[in-house]
Amino acid sequence: MASPIFYIVLAFLMLGQVAGSRAQQVYINISDPLLRKIPVAVPLFKPLTGGGVEERLAGEARVTLVDALEFTGYITVLDPLSYIENPVVKGITRTDLNFKNWTVIGSELVVTCGIVESGGELELKLRLFDPFTERLVVGKVYTGKVNDMRRMIHRFCSEISFHLTGKWGVFSSRLAFVSTRGQNKEIFVSEFDGVNPRQVTRLNSISISPAWSSDGQWLAYTSYAGGNPDIYIKNLIQNRGSRVSFKGMNITPAWIPGKFSLAATLSFDDDQEIYLLTGKGKITKKLTDSWGIDVSPCFSPDGKKMAFVSKRSGTPQVYIQDMESDTVQRLTFTGRYNTSPAWSPDGDKIAFVGIANGEINIYVVGIDGTGQVQLTSNTGDNEDPCWSPDAGLIAFTSTREGVARIYVMTATGSEQRRLFLMDGAQTNPEWSLGNENN
Amino acid sequence: MDAFYSLSSYQAANRLSPGPDESGFRSVWGIILCLCSVFVHLVLAWGLFFIQGIPPKRVLPQVIQVDLVSLALPGEVAATPGGGVKTAVKEERVIPAPPKPETVKTPVKETVKIPGPVHPKPQSVVEKKSEPAKAAEPVTVAEPTVKFALKKKTFKADKVMESARESIKKKVETSSTGVDTTLERAFSRLEKAVEAQAGSRPVAGVAGVSDVGSKGDKSVLTPIDLYNVELMYRIRQNWAFNERLAKAEQGIQARVLIKILKNGQIRDVWFETRSGNRYLDESALKAVKKSNPLPPLPKGYVTYDLGLQFTPSGLK
């Protein structure tokens, strides 16, 4: 008969086997997040000294913040009905919040705000928390007039954008666009989301294709006010400027990033070619020289390359020219009509308009010509693409509702929505680069 | 004489073989002692093993777990729930004390358009003193009628709740024939998903000993397979990831290991492999933390060690 030790060892082996089977390791593959946007909790804002004005302002400020955060396309604000604690009662600072109450409803960021108003002077104390690390990420106090409230909220949204993406976002940009005024077309400038539009041109004529300088102080545009298409270069603050009015057409201005000079198409030489001009309108160099028309220049963020439209191969296509070596490469090869290039501020993609199957749609392609994606389809005519400064959003013109309106979508083509409503038809949106100093 | 001799040589002879009668009695006693000792050791070993199963004391917020059978796959969730939710919220604000079924519905964001909230996180349920029995109905509220209070004075909360309850009762009765088919469809979908999961998962045994019963046999779905699927859905629901914020190329992957206790509590979370992309790693960690606590483990499991592989598709 075998020794009892044998049975003991056998018993432990079996024990190990059973234990092992209980703790067996499995891997589960999780490949598709259901939440494509960052969930952020924005509880009601707290009036700090009480008073009806503060309460009303608290409501308006919160709506402004929520709208701006959702404008980004990568944030979703959680329904306040699901919040467990109320900072209006408990307090808005880090020690007042119980962060478990916020992680448990699924929020990954929490924004609180306290408002003080007295005699038209407004103070906003805004705080952004990370409830998982239980830290204050950024806290700011803004003071100014009650009228500055939207600017204050948008500056804080820039802080939130910077925390999440490393870029300041679109909040401090202004939007230039063209709107019809009866028979005429005039240029307007509004806040980044189309609020508070202000008429910039009063030429009672056709004024189109606005272009912002890098510092946001100058606007170049084409106007037929003089009977001929001329380029106007206007300083918006000092209300002064220059005019480029050579014989023939002077159209499609585009500023060189970081410089007080621009490129434009001039046809005084009987052929539409792209020329380099100073900010005052003096020609410094001829950039293109081909027998087809060359229009719509647009520069890479570092200014070293220029995309433009040329008919040199028979049909309008997008080309890229190196500014130093003057070598030209064709970018678009599909379709018989590709125009309106817009270079992404990240430098890696170009949006353009293509006509295919009777539809006018917006496409995005890598600067090496690969990865072409169609962003719009079956929704009327879609033209004039323009990127937001953080390359996350594209504004464009669309006639999907019948009248031309300005729409916005994310850079991948999702969440297409109309920006605003206004009398007449709106086209040609252009976001300025913006800066956090606003 | 013979007996004397056999007795005197007892000590020497007994080691090799138990002697007859008395010596046999003593060797049996020895074996019993031995077995007792083995038994005590076994008990000790099992005890040590199970002490790990006692969860440490943790302070958790008051949470009522609402377990509902998912009647729709996550892919069917509306992609842009924002518009739908906003209008629903505005209607709800008019009512100071909304009837309970609506509190189950409104805080749930993504499932407003689906007849049946799935999330275990409608936390305002806690504040409204809900009864878990009603919430655990397999047929959940589709669209409870919303009462508008035109004048606050004429609004009576009890009557509203009463009429809401009645309308729900009616809906349950009228759709009772439909209940079984939707449940059956849901179960068949779940089964298919579980089979897909069971067939394709790689299994890594901890002790190097394979368990014959739970591997490779695709036609038999074990409770742990169902648990895996439910767990995957749960964590997916809580995983917020935006490709734009990741700024990463295709193919990055984060691997997280978790230890789940018997009651579903996640006891440990740690990275097996970080993806190198800080945003993805943090989002994976947050997804797991938000999914805590998970449903209780199926019978027979004291703890469950599990690996989660987060591979976001759709990166540029």
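1. Bridge partners in β31(A). In this predicted model, L175(A) has W431(A) as its bridge partner in β31(A). Strand β8, residues 174-181 of chain A, is joined to β31(A) by 4 bridges. The two strands run antiparallel.

2. The sheet around them. The order is β10-β9-β8-β31 in chain A, an open sheet of 4 strands with antiparallel pairing. β10 (198-199) and β31 (426-431) stand at the edges with a single partner strand each, so one side of each has no neighbour in the sheet.

3. Helix α2 of chain A. This helix covers residues 52-71, 20 residues in total. From first C-alpha to last it reaches 29 Å, close to the expected 28 Å. Its buried residues include L57(A), A61(A), L65(A) and F71(A). E54(A) and R62(A) are also buried. Just after the helix, G73(A) takes a positive phi of about 85 degrees.

4. A pair within chain B. D305(B) and K259(B) meet in a salt bridge at 3.3 Å, N to O. D305(B) is in strand β4 and K259(B) in strand β2, 46 residues apart. D305(B) is buried at 14% relative accessible area, and K259(B) is buried at 15%.

5. A network. Salt bridges link D32(A), R36(A) and E243(B). The R36(A)–D32(A) contact is 3.5 Å, N to O. R36(A) is partly exposed at 36% relative accessibility, as is D32(A) at 25%.

Technical notes: Residues numbered from 1 in each chain as written. Chains lettered and ligands numbered in written order. Predicted model: local features only at pLDDT ≥ 70, side-chain atom pairs only at ≥ 80, totals over all residues. Heavy atoms only, no water. Pairing = 2+ DSSP bridges. Expected span 1.5 Å × (residues − 1). Buried < 20%, exposed > 50% of the residue type's maximum accessible area, 1.4 Å probe, protein only. Salt bridge = Lys/Arg side-chain N within 4 Å of Asp/Glu carboxyl O.
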